[in-house]
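This report considers aromatic rings and helix packing in a protein model. Please examine the sequence and the structure before reading on.

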Amino acid sequence: KQVLEQVLRELQPLCTSEQQFLQKFFQLSHEPAELQPPEVRVRIVSSPVPVSKEPTTQLLSEIFGCLELELREFLDVCNKVHPFGCLQVLVTLSDSVFGIWGSSSAPPSAFLNTLLGNVLLLAKSSFNKYIGALCREMEEAKVPRGMKGGILPCVSRFQEFLAFSEEAFRTSRHRGQLEKAQLRLASSVFSSINSLPSANLKVNTDMVMMENFHHIHSFLCLKEIHCLQDKKREAKQRYREHLDKYVTKYLGQPLEKLTHFFDGVKARVAQGVKEEEVSFQLAYSKQELRKVIGKYPGKEVKRALETLYRKIHKHLSPEENLLPVVWQAMEQEFIRQYQEFEELIQRCYAGSGIAMDFTMEDLLGYFHSIPVSN
């Protein structure tokens with residue numbers, strides 16, 4: 001970065017002094033392009049229509065004929081020094097070039113305008129190609145064999161790019177190219193995470209997606225990148241969705257048969273059976289309900305919750321520290337389910353005297369007796 005800045009910093013006085021000498025020695029007039037404001041000169045550089053060279057520009061082009069080629073080769077070396085080298089080249093070149101064009105000192109020559117415009121276009125092209133390749137790499141990346149969960153390589157790569165790019169562009173006012181790249185990469189990372197259900201992971205897919213969207217949301221909150229605010233909100237939404245799916249999948253396991261029984265009760269009511277008549281259905285009689293409830297004494301429920309906790313602890317990766325969050329969500333949903341069972345008993349089996357073997361207080365005690373690791 002420092003070497004590139006020094007090279008660019010020395011170009012203007014070099015070309016300017018040579019231009020002044022040529023104009024004085026050969027008594028050449030000032031070129032119209034030199035006296036135009038920066039935005040006009042940019043349009044001249046970007047124009048596909050050939051612009052005829054003035055005498056001074058023609059002489060400078062012959063004197064510095066190899067300069068553009070040498071500068072292109074130097075930028076190519078800079079691009080290869082670091083994995084994100086083309087990003088560093090782009091920000092350094094953009095700031096230097098627009099700084100020269102917007103300088104209040106003697107305006108640069110048309111020759112230097114053209115030279116800087118060409119290498120800046122080259123830097124943008126190299127950067128876009130790199131971003132395109134990185135997007136494809138993320139979208140086509142396969143989950144490492146044997147991976148059991150945790151943060152995906154594409155998410156780590158995305159985080160690394162954001163950290164480096166934000167530091168590189170920290171003082172730059174020319175972020176347009178960077179913001180387009182950040183949005184493209186964010187879309188590619190989201191696409192890669194969304195393809196996980198087809199990856200045949202050895203662990204629960206919703207858990208992996210939950211952790212990775214949570215990770216993205218967390219570091220986007222730290223960086224506060226304006227163009228990624230919508231992606232940050234989307235990541236939070238997707239994290240919550242997969243948390244709910246994960247909780248729902250494992251929620252029924254401690255009370256599996258009881259859950260199936262009351263699912264059947266709700267299905268009969270939804271089909272039009274009156275609540276007070278559900279107990280007359282053979283599969284959902286009072287006797288069957290007592291039989292199912294009898295399989296879940298308090299001590300068995302507590303043991304089942306402890307088993308469930310160990311399973312969740314094994315699933316989640318320690319780096320995201322989501323165990324307390326998931327376990328709290330599991331507790332809240334379990335309590336909601338318990339209350340639903342109680343209400344169904346009161347509505348469909350009123351006056352039967354049937355009740356579950358454990359109370360709400362017992363249930364809260366079971367959860368709080370399990371020490372949750374941070």
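## A buried aromatic pair

F84 and Y130 are both buried. They belong to a predicted model, and together with F161 and F164 they form one aromatic cluster.

## Aromatic pairs

The structure holds 16 aromatic pairs. A pair of aromatic rings is described by the distance of the centres and the angle of the planes. For F21 and F25, the ring centres lie 5.4 Å apart and the planes meet at 25°, so this pair is stacked. Both residues are in helix α1 (residues 2-25), where a spacing of four residues separates them by about one helical turn. F21 is partly exposed, at 45% relative accessibility, while F25 is exposed, with a relative accessible area of 55%.

The rings of F84 and Y130 have centres 6.2 Å apart and planes at 80°, so the pair is edge-to-face. This pair links distant parts of the chain, 46 residues apart: F84 is in the loop between α4 (67-81) and α5 (85-101), and Y130 is in helix α6.

## Helix packing

Helix α6 (residues 110-140) and helix α8 (residues 176-194) have axes that come within 8 Å and cross at roughly 10°. Because of this angle, α6 is roughly parallel to α8. The contact includes F127 and I131 of α6 and L185 and V189 of α8. Its residues divide into eight nonpolar, six polar and three charged.

Helix α9 (residues 205-223) packs against helix α10 (residues 229-251) at an angle of about 150°, with the axes 8 Å apart. The two helices are therefore roughly antiparallel. The crossing of α9 and α10 is left-handed. Among the contact residues are M210 and F213 of α9 and Y239 and L243 of α10.

Methods
Residues numbered from 1 in each chain as written. Predicted model: local features only at pLDDT ≥ 70, side-chain atom pairs only at ≥ 80, totals over all residues. Heavy atoms only, no water. Axes fitted to C-alpha atoms, helices over the stretch in contact; angles between N-to-C directions. Parallel < 35°, antiparallel > 145°, perpendicular 65-115°, else oblique. Contact = heavy atoms within 4.5 Å. Nonpolar A, V, L, I, M, F, W, Y, C, P; charged D, E, K, R; others polar. Left-handed = near helix turned anticlockwise from the far one by under 90°. Phe/Tyr/Trp six-rings, centres within 6.5 Å; stacked < 30°, edge-to-face > 60°. Buried < 20%, exposed > 50% of the residue type's maximum accessible area, 1.4 Å probe, protein only.
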